[in-house]
Amino acid sequence: MAENERSFRAPRGTFDVLPPQSWARSALARLAMDTFALSGYAPIETPIFEHTEVFERGVGATSEVVTKQMYTFTDRAGRSLTLRPELTAGIVRAAIEHGLDRGPLPLKLACIGPQFRQERPQKGRYRQFTQIDIESLGSDDPMVDAEIVEVGVRFFRKAGLDVQLLINSIGHVAESCRLGYNKVLVEFLRANEAALAPDDRARIETNPLRTFDSKDARTVAVMAGAPLISDHICDDCRAHFSAVLDLLISVNVSFELEPRLVRGLDYYTRTTFEFIAGGLGSQNAVGGGGRYDGLAESLGGGSLTGIGFALGVDRILLALGEGAPPNPVTVYFVALGEAARREAFKVVASLRESGIGADLDLGARGMKGQMKDADRSGARWAAILGEDELATGDVTLKDLVGGEQERIRMDDLERRLTS
Ligand code: AMP
C-alpha cells in the first residue's frame, strides 16, 4: 500500500459479512446447530490455531492442504502454529487431550467456524471461509455412518437447498484393501503417464488416489478408464458399505454411487461422500466428509474411529441466492416530540422483553425521515406516537404492507402484534 494511501481493504480471498446478507448467514448457522442438536450432537469449540504438527500428522503430509495451503507462522516463543485449514484434526486432538475417547461413545460433536487455506480465490473459494461440521467418534458401526449422512441430508432439506449426494467407499489401509488397490492404480497411472497433466504425473507416487480429483481434461480422460476402488476393497469394507447404503435407503435418503469419489484430505477411510449443489460452476461441492478410522492414532491417541462432514457455509449461501433476509423487527416506532420518544423507548423495551422484535428512531428525526426508516427496517408495522395519541393513551398502527392504519389503545398493542 502506498504510504500516503489511507484506506485499507480486506486481504485477498477474504470478505466482510455485512447486513442485510449477514441475517441469512446467522440464520443458517442457527438452523445447522439446532438440527444437529436434535440428533444429539453437542457443540464444541477448539482454537482457531493449533500446533502445525496436528495438521501435518492429522490431515496428512502429502495432501495439498498441508503442502500448499496452510497459513503457518512462528510465534514469539519459536513455536510453529497454523491457522486451522479444517476442523476434524483439532476436534480429534481435543477429544484425546481431554480423555473424551474413554466414553461414553460414540461422542457426537458439532462445530461452526472460520477455516483458512491459501487457495487461488474465485467464486465459492476463499482464503477464509466458514464451515459447519459434525463428527461422531468411537464407533465403526455402519449405523453411525448412515446417521451422519442422514443428518446432513436433513439439514440441506431444512435449509431449502436441493443437493445431490455422492457416496463411495475407499476401503481401509491394508494390503488386502486400499494398499493393494493403490498398487494396481499406480501401475495403471505409470502405463498412462504420458497422457496425464504434468501436475498429476508428480502425484503418482505420493498420492495416486488424488488423480481422480484432477480437473485437467487430459487426466480426466485417462481416469475414465482407470481401475476402480469399488472393485478392490476387502470383504469387510464391502459389507460395511452395503450396510450403510441399506440404512440410507431405509430412511429414504437418495444417493448416487460414485466410484471415482476420493477426498482431498489424507485421513479418509471407508465411507466417503460429497454434497453437490447446482448453479455454482466448478466449485459445486457444498459439503463433504467421510470416515477417518486412523486419524486419532496418527495424533498419538488410541484406536478411536470416527466419521464426520464439513459443509461450506459460503457456498451454501451462494447456492441459496439472495432470498429475502429474515427480518426480526415486527414493529418500528415513529415518535414525535420528546415525551412521545421517551414513551416509545419504554414500550419498545417492554415489547422486546415479550419476544417481539421492535425498533425506534434514535436520532430524533422528523416524521418523514422516521417513516422512511420504518419502511427501510423491513418491519411489518409502524407504530406512530404523536402528542395527540400520547394524551389519550393510544397509538396509530400502520400496516406497512397494505397501507391501512388505525388508532388503537396502547394497552392492546402487544396483543395486536401477536394475533
Ligand atoms: P473439505 O474440508 O475440503 O472437505 O471441504 C468441505 C467443504 O468446505 C467443501 O465442500 C466446500 O463447500 C467448503 N470449502 C472448502 N474449501 C473452501 C474454500 N477455500 N472456500 C470456500 N469453501 C470451501
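**Ground rules**

I note that this is a predicted model, where local features need pLDDT of at least 70 and side-chain atom pairs count only at pLDDT 80 or more, while totals for chains, interfaces and linings use all residues. Residues are numbered from 1 along each chain as its sequence is written, and side-chain values use heavy atoms, with hydrogens and water left out.

**More on D101**

I placed D101 in the loop between α4 and β5. Helices (H or I, at least four residues) and strands (E, at least two) are DSSP runs, numbered from the N terminus. Is D101 buried, partly exposed or exposed? D101 counts as partly exposed because its relative accessibility is 22%; buried means under 20% relative accessible area, exposed over 50%, and partly exposed in between (1.4 Å probe, protein chains only). I also checked D101 against L137: they are 36 residues apart along the chain, and their C-alpha atoms are separated by 7.6 Å.

**The whole chain**

I counted up the secondary structure next, and the protein chain has 16 helices and 16 strands. Its C-alpha trace spans about 90 × 60 × 45 Å along the principal axes. Of the 419 residues, 49% count as buried. Among contacts with a separation of 6 or more, 66% come from residues 24 or more positions apart.

The accessible surface is about 21,000 Å², and carbon and sulfur atoms hold 51% of that. Those areas come from the Shrake-Rupley method with a 1.4 Å probe, and for residues only the protein chains shown count as cover.

I looked at charges too: the mean positions of the 49 positive and 59 negative ones are 4 Å apart. Lys and Arg count as positive, Asp and Glu as negative, and His and the chain ends are not counted. Each charge is placed at NZ of Lys, CZ of Arg, CG of Asp or CD of Glu.

**The eight-stranded sheet**

In what order do the strands of the open sheet of eight run? I read it as β1-β5-β6-β11-β10-β9-β7-β8, with mixed pairing; two strands pair if DSSP finds at least two bridges between them. β1 (42–43) and β8 (256–257) stand at the edges with a single partner strand each, so one side of each has no neighbour in the sheet.

On one pairing, β6 (residues 128–137) runs antiparallel to β11 through seven bridges, and Q131 stands opposite G312. β10 (residues 285–291) is also antiparallel to β11, over five bridges, with G290 partnered by G308. From β10 I went on to β9 (residues 269–277), an antiparallel pairing of six bridges in which I276 stands opposite A285.

**Around β4**

Which residue of β4 is the bridge partner of H51? It is L81, and L81 is the bridge partner of F73 as well. The strands here are β2 (residues 49–51), joined to β4 (residues 80–83) by three antiparallel bridges, and β3 (residues 71–74), joined to β4 by four, also antiparallel. β3 and β4 make a hairpin with five residues between them, and G78 in the turn has a positive phi of about 85 degrees.

**Cores**

I then looked for nonpolar cores, which are sets of buried Ala, Val, Leu, Ile, Met, Phe, Trp, Tyr and Cys residues joined through side-chain atoms within 4.5 Å. The largest has 43 residues, and V59, V92, L137, L185, L189, F212 and M223 touch the most other members. Elements that each supply at least two residues of this core include α2 (52–58), α4 (88–97) and β5 (107–116). Which helix gives the most to it? That is α6, with five residues. Another core, of 35 residues, lies apart from it, and I132, F156, L280 and L317 are among its members.

I followed up M223 on its own: beyond four places in sequence, M223 is in contact with L185, L189, T211, F212 and R260.

**Last stop: E414**

E414 sits in helix α16 (residues 413–418) and is partly exposed, at 33% relative accessible area. Not counting residues up to four places away in sequence, E414 touches L351, S354 and I356. I compared E414 with G278, 136 residues apart along the chain, and their C-alpha atoms are separated by 43 Å.

Technical notes: Contact = heavy atoms within 4.5 Å.
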